[in-house]
Every structure is written in structure tokens, then in C-alpha cells.
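Here are a few notes to read alongside the model. Have a look at the structure first, then work through the points.

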Amino acid sequence: VALKRMLNFNVPPVKNSTGEPVWKVLIYDRFGQDIISPLLSVKELRDMGITLHLLLHSDRDAIPDVPAVYFVMPTEENIDRMCQDLRNQLYESYYLNFISAISRSKLEDIANAAIGANAVTQVAKVFDQYLNFITLEDDMFVLCNQNKELVSYRAINRPDITDTEMETIMDTIVDSLFCFFVTLGAIPIIRCSRGTAAEMVAVKLDKKLRENLRDARNSLFTGDTLGAGQFSFQRPLLVLVDRNIDLATPLHHTWTYQALVHDVLDFHLNRVNLEESAGTESTPAGARPKKKNKKSYDLTTSDKFWQKHKGSPFPEVAESVQQELESYRAQEDEVKRLKSIMGIEGEDEGAISMLSDNTAKLTSAVSSLPELLEKKRLIDLHTNVATAVLEHIKSRKLDVYFEYEEKIMSKSTLDKSLLDMISDPDAGTPEDKMRLFLIYYISSAQAPSEIDLEQYKKALTDAGCNLAPLSYIKQWKAFTKMASAPTSYGNATPKPLGLFSRVMNTGSQFVMEGVKNLVLKQQ
């Protein structure tokens, strides 16, 4: 809603106006692009009158009779470039929107440039949008994508981090969270774990919110903002937790569709990039091998199959794709059958009587075509994505890893030794083995003895693992020698249902032999 309002020159869009939207140019930087792309498709942008959308730092031609909406971070180089645009008189008028608040000094730079270029009248509006976070789903957002390694777990926990760097990281995180609550139009109740980075963030955010509320006239949480009065009587709870409390979970191999896609494929901002495997059809001898095509698919909220199955265990997903495919084929055959009947010559008595009741059928078949095509697109998309995931599961034995790690985390008896898993050359990549061992190391009540550890280290090195993570976790564990035993990750163990309780029909594209069907438990 906030983005649409911004693209409409910061006035709420009117529902019933029949007129064409005002044509305009949208200019963003990489940050703006990341915020807009998961939310608005190119088609939606066009409906709102955006004919061109360009990156700020690309070479842009002057379009003197069109208004331009800027959506950028208030960084030095962005501001310089905007001043340059003003000097070159690229557009008719300028609507400047900053993703997070712009400082007074930078505003003055723009003002000076505008005066110098005689363009003061053309700068129509300057807004702080407070949209410095990326919404991926209706109820999930991430802080940033561009420089995400700057606010990662590693960045905060580096041993050689300086105080100023830490401050910068905290400010970045606080800025994004602050933007989030401004957009929500609500003031949170903040809870955090003590003595950790989470507490630093909480204190800073609290201070920032209080400072903003102190000045009642300019407060961002009063007046005619988007969510005015919407949440005024109930305040959301913001819980900030430090990752160190639970290090095993991000290392854990997963078994649900969305998590698997994120783990084994290249999946960012709701878009998955696949390398298409070269087709099975034989290439003539001596021909050059086909180049691998890169394909990208968007998995969005409008994708019904994704919404329904992203949390399902993988074998269920494979089965659902199969069912969708069959129902689609049935509908397609119906249309084909009607076509062939309509093609019958008119002399035949029977055909004419059949025609009359088939006309109705045909009308309904034709009207359902667009729906059918959309369905086919989704089926193809998920067939490709699921096949790609399946290849990873088979080649890396991810089902075995998942089951074994669940057992470690729930402290149940292990059916084969960890050493065997690590030294099995067929199972998984070195990274998979390292993840498995780290989980074992983190969740064991007492650390393995030095002799055992040496043995494991040797096996890991033979498997080609980099032992740096282990030494970090070793220090981390010594550092956090907790008084209590590590928390158990739930006590029920997942019971694997033997290899597919019923083998799927042989014509299926998903041959799941050798992949265990595991049932998930809610954690």
C-alpha cells in the first residue's frame, strides 16, 4: 500500500477514477529495486502509469516532459547523481523519495544543486518513505539483500570487530526495524534476551521510538498516516532473540518444500534460479554439447500451489504436483474431444443432435482456457523446481541426513555411528558432513573426548571438509559453558514410513525410490 501511494505522487490512489494514470518514470537504486521487485510485477507497475523503470546509476536519456519518481537510499553517491540529473534537466518534475530518513546536510546539498540548476520549481516533493525492509510474504520480511553480509551472524560475532563497526551494524538493524513499525503505524512492546547483541538493538530501537514520539507535531505515528488508528488500541510484541541461543537449527538439513528450495537451490527474494539440465534427447555425434540454460521462476503469493505446499514435507509435494498434472490433462482432453465432435460434417443426423448440447459445453470450455493455461504454467514451474530439488536429495542423501540430525537433536538412540556417516563417500558434500558434525557437537551434553575428536577430525579432513567452523564452535561452546544442559529439541522422533508406502504409478516423473518419506513434527 505504501509503495502504491508513493508511485501515485504520495496521494492515496482513487478507486473510481476512470481516467488514465499519469505516465511517469520510476528511478531506483539497487536497494529500491529489491524492495519493489518481490511486491509489484512489471504489469502492476504499468497499470500505475510507470512506463520506464531505470537504475539511478545507469545512463539515462533526458525525457523533458515526464515527471520522475525517485526511490533511493540517501547515500552520498546517490545524492550526487540526483544533483547531476537536476543540472542536466532530465525530467519535467522530480518527486524524491528516500528509503530511510535523509540527513539535513544532504537535503541542503540537493537544495543547492537545485538553485544552481534553476530547477527549484521542478522538485515537486521530497519524502522520507521509511520503507527500508523487504517484504517477501504477507507475514515475513527481511532487513536487506544488497549488503546482507554486513549484518550477518558472522559480522556480529567476528572476534576482531571494533566498537564503531558494531555500532554501524546495530544502527542498520535498528533503522530497518524502525521503518517497519512506521509502515505498520504501530509502536511495539519490546522484549529481548539480556546481555546479547539483541539487547543492544532493543535499547537503540527503544530510544529511537521515544525520540520520535516526543515531538508530537512531527511524530510519524500520529496524523493521517496509512495505518492511522488501525492498531492504536493494541500494540504488537517485538521479540528480539540472539542467534547464539540456538545455533543448531540453521545448520539442520530440512525436509519441507520452501526450506529445501532455499537450502539447495539459488533462491533470493522469492525468485529461484535453475540451471536447466540438458535435455535427454541424444545430440548427434560430434555436435557441440548444449549450453546450460539459466531459468528463473518467481514463487509469489499469487501462486496457489506454492502457498498451499511451501510448508509440506517434500514427498507430499511431489505427489501433489502429480495429481495437479493429471487433473489438468483430464480438462485438456475434454477440450480436444469437443473439438473433434465439432469437426463432424453436418449431414449426419446424430451429429446435429449432439451439436446442440455440446455448444453449451464448448462455451464453458473456451471460457476456462485462460485458467487452464495459468494452471499449466504453475504445474510446469513446480515440476521443474521439484525435480531440481529431488536431484539434490538423491545425490546427497539429504533424507538420511535429515533423519539422523533429528535423532541427534531429540537425543534418541542412533542406528549407525556418526563416523560411518562422515566417512561414507556417497553421502553428501563435505559441507553436509560438516553441518551434521557441528549439530552433533552443539547438541551433545558433554563434548566428545580428545581422542574421539581427533578421529572425527581425521574423517572430516579425509572427506574434504574445512575445519575452520569446528574450531569456532569449539571456542563458542567453551565460552558459553552453560550451567544447564543444552535444551532438547523435542523428544518425539520422526518415524520414517518405509520407502514410499505405495509406489507411485510408474509413468510418474518423480521416481522417489531410495528417498525416505519422513513425517515432520511441529517444533
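1. How many aromatic pairs does the count come to? This is a predicted model, and the count comes to 17 aromatic pairs. One of them joins Y70 and Y94, whose ring centres sit 6.2 Å apart with 35° between the planes, so the pair falls in the tilted class, between the cut-offs of 30 and 60 degrees. Y70 belongs to strand β3 (residues 63–72) and Y94 to strand β4 (residues 91–98), so this pair ties together parts that are 24 residues apart in sequence.

2. Salt bridges come next, and there are 19 salt bridges by the rule used here. Take R60 and D85: their side chains meet at 2.1 Å, N to O. R60 is in the loop between β2 (50–55) and β3, while D85 is in helix α4, and the two are 25 residues apart, so this pair links distant parts of the chain.

3. On the surface, E76, E77, D80 and D109 gather in a patch of negative charge.

4. After α7 comes G185, with a positive phi near 70°.

Note on methods: Residues are numbered from 1 along each chain as its sequence is written. This is a predicted model: local features need pLDDT of at least 70, side-chain atom pairs count only at pLDDT 80 or more; totals for chains, interfaces and linings use all residues. Side-chain values use heavy atoms; hydrogens and water are left out. Patches are made of residues with over 30% relative accessible area and no salt bridge: like charges are joined within 9 Å, nonpolar side chains (Val, Leu, Ile, Met, Phe, Trp, Tyr) within 5 Å. Accessible areas come from the Shrake-Rupley method with a 1.4 Å probe; for residues, only the protein chains shown count as cover. A salt bridge is a side-chain nitrogen of Lys or Arg within 4 Å of a carboxyl oxygen of Asp or Glu. Lys and Arg count as positive and Asp and Glu as negative; His and the chain ends are not counted. The place of a charge is taken as NZ of Lys, CZ of Arg, CG of Asp or CD of Glu. Helices (H or I, at least four residues) and strands (E, at least two) are DSSP runs, numbered from the N terminus. Rings of Phe, Tyr and Trp (its six-membered ring) pair if their centres lie within 6.5 Å; planes under 30 degrees apart count as stacked, over 60 as edge-to-face and the rest as tilted.
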